[in-house]
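Have a look at the structure, try each task, and then read the solution below it.

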Amino acid sequence: MKIYTGTGDRGKTSLFSGERVSKSSPRLEAYGDLDELNSVIGAVASALDEGQSGLKDEIQAIQALLLESGAWLATTPGAESTRFLKPFTIDPANTLEAAIDRMNASLPELKHFVLPGGHLSASLAHMARTVCRRTERRVIELVEYEDGESGPSQTMQHILVFLNRLSDYLFLLARLCNHNQGQGDVQWNG
Amino acid sequence: MERVGGTPRFSARLVDRHWLAPGILELRLTRQEGVTFIPGQFLRFVMDGYERDYTMVSTPDAKTIDFCIAMVEGGRFSRDIQKADIGTPFELTGPHGHFVFQGPANSAVLVATGTGVAPFVAFCRSGLGTGLLLHGVGAPDRLIYRDILQSALPGYVPCISRPFEKMDRPDNAFAGRVTHYLEQQLTQGVYDFYLCGRGAMIRDVTALIDQQFGDSRLFIETYD
Ligand SMILES: Cc1cc2nc3c(=O)[nH]c(=O)nc-3n(C[C@H](O)[C@H](O)[C@H](O)COP(=O)(O)OP(=O)(O)OC[C@H]3O[C@@H](n4cnc5c(N)ncnc54)[C@H](O)[C@@H]3O)c2cc1C
């Protein structure tokens with residue numbers, strides 16, 4: 001399969017549902033940020049030590065979910081092509097909550113602010129957290145832009161909950177990465 | 001039938017192979033119980049050391065799974081498929097792809113070059129044929145599935161890109177490329193364009209759609 005098609009050379013691209021849209025449209029902005037988020041999360045996984053395969057698997061499962069939510073973002077709501085998309089339910093958000101509780105229980109109680117930093121894997125997890133927050137803002141913008149008064153579809157709601165939980169997960173993941181390296185949180189002494 | 005990472009994998013035997021037109025073979029494979037697809041989808045042939053994709057021209061419930069395949073100079077599959085004996089089993093995965101009929105939202109303009117007409121044959125045979133079909137070929141004798149397409153579609157326009165004898169001119173034919181037809185003949189409007197074939201046609205037609213039919217929807221299947 002060829003990587004380039006030449007169909008996007010004039011600033012437009014096709015949505016999965018067929019519409020030609022500007023590459024700067026709110027839908028593409030949201031989709032692009034989600035793609036960036038997935039890439040930064042990939043970098044977190046790459047920076048983990050060999051011994052952390054369980055965590056790596058968990059991160060890769062999250063990446064697969066981001067691809068699935070990306071497919072929804074690349075499709076106009078209600079289009080015929082949504083029948084090809086895997087339903088995005090509330091389950092992924094619930095799974096993240098369980099992982100958050102597990103990580104929280106294994107970490108010392110937080111009594112101070114932390115600086116984003118420490119081990120490379122932790123720094124990247126903090127970066128992923130901030131990209132995740134931006135992605136969430138972009139998805140909200142998209143939903144407000146397209147759905148107006150009617151509010152987001154159930155799928156979009158599930159994606160928004162997922163992104164919101166994912167930021168919290170990434171915060172704890174950053175802490176866990178530092179603790180796994182035996183260096184603890186980087187405290188803010190302000 | 002087994003599944004590999006969620007995609008079915010199965011084997012099917014070659015039951016028939018004949019020339020549809022110069023350089024274009026039609027293949028028929030047995031369709032095993034349970035093998036199904038949506039018209040417009042393709043199957044992947046898993047060969048010895050390489051894989052190739054081909055779009056079905058038959059309906060999902062037909063006795064055989066049929067394909068039309070353009071022979072490519074020096075092509076690996078092109079060579080292997082001509083040598084294969086009737087009865088040879090092939091390994092396949094699929095169905096794959098999302099190039100399917102998207103519902104009657106806007107009036108449809110189907111654009112194909114060569115064997116890129118395959119998904120539209122499947123649409124027509126499944127009762128989903130609608131709108132205009134431009135079939136771009138080099139010469140009139142390459143107009144495969146003409147009878148089916150002509151009877152199923154209100155607008156079937158063969159577009160013949162090379163000069164040809166007047167007496168060979170098929171009914172309703174346009175002398176020129178599909179892009180020229182779209183440029184010169186298609187009235188302004190909002191359409192659902194379905195493009196299938198080689199990348200160069202898809203790139204040129206997409207550029208034209210962006211310029212002249214901006215609010216249309218566009219679905220593409222690239223053969224390379
Ligand atoms: C989703 C999908 C569906 C497809 N469906 C069909 C179909 O229904 N019918 C069909 O005929 N093909 C179809 N193709 C193309 C097909 O998969 C092969 O690429 C094609 O048959 C060439 O395979 P080959 O092994 O014979 O040649 P290869 O060994 O792959 O190629 C040999 C040489 O020929 C060139 N070449 C490849 N294809 C062409 C071509 N079409 N015209 C001119 N030069 C070419 C290559 O660049 C290469 O230099 C489809 C492709 C995709 C991605």
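**Exercise 1. Describe how chain A and chain B meet, starting with how many residues are in contact.**

Keep in mind as you go that this is a predicted model.

Step 1: Count the residues on each side. Chain A brings 16 residues into contact with 19 residues of chain B.

Step 2: Look at the area. About 1500 Å² is buried between chain A and chain B, and carbon and sulfur atoms give 56% of that.

Step 3: Arg10(A), Arg20(A) and Phe84(A) supply 32% of what chain A buries against chain B, more than any other three residues.

**Exercise 2. Work out which residue of chain B forms a salt bridge with Arg10(A), and how many salt bridges cross the interface.**

Step 1: Recall the general idea. Side chains of opposite charge can pair when their charged atoms come close.

Step 2: Apply the cut-off. A salt bridge needs a side-chain nitrogen of Lys or Arg within 4 Å of a carboxyl oxygen of Asp or Glu. Arg10(A) and Asp210(B) have their closest N and O atoms 3.8 Å apart, so this pair counts.

Step 3: Tally up. The rule finds two salt bridges across the interface of chain A and chain B, along with four residue pairs in polar contact, both partners at pLDDT 80 or more.

Step 4: Sort the side of chain A that touches chain B by class. You get two nonpolar, seven polar and seven charged residues.

**Exercise 3. Find which parts of chain B supply the shell around the ligand.**

Step 1: List the neighbours. The ligand is surrounded by 19 residues, and Arg52(B), Asp53(B), Tyr54(B), Phe77(B) and Ser78(B) are the closest.

Step 2: Sort them by class. The shell has nine nonpolar, five polar and five charged residues.

Step 3: Strand S5 (51-55), strand S6 (64-70), helix H1 (76-83) and strand S13 (217-222) of chain B each give at least two residues. S5(B) gives the most, with four.

Step 4: Check the ligand's oxygen atoms. One is 3.1 Å from a backbone N or O atom of Thr55(B). For Arg76(B), a polar backbone atom is 3.0 Å from a ligand oxygen. With Tyr223(B), the side chain takes part: one of its N or O atoms is 3.2 Å from an oxygen of the ligand.

Step 5: On its own it has 940 Å² of accessible area, and the protein covers 70% of that.

Methods. Residues are numbered from 1 along each chain as its sequence is written. Chains are lettered from A and ligands numbered from 1 in the order in which they are written. Side-chain values use heavy atoms; hydrogens and water are left out. Contact means heavy atoms within 4.5 Å. Buried area is the accessible area (1.4 Å probe) that two parts lose on being put together, summed over both. A polar contact is a pair of N or O atoms within 3.5 Å; within protein, one must be able to donate a hydrogen and the other to accept it, and residues adjacent in sequence count only if both atoms are side-chain atoms. Ala, Val, Leu, Ile, Met, Phe, Trp, Tyr, Cys and Pro count as nonpolar, Asp, Glu, Lys and Arg as charged, and the others, Gly among them, as polar. A residue is near a molecule or strand if one of its heavy atoms lies within 4 Å of it. Accessible areas come from the Shrake-Rupley method with a 1.4 Å probe; for residues, only the protein chains shown count as cover.
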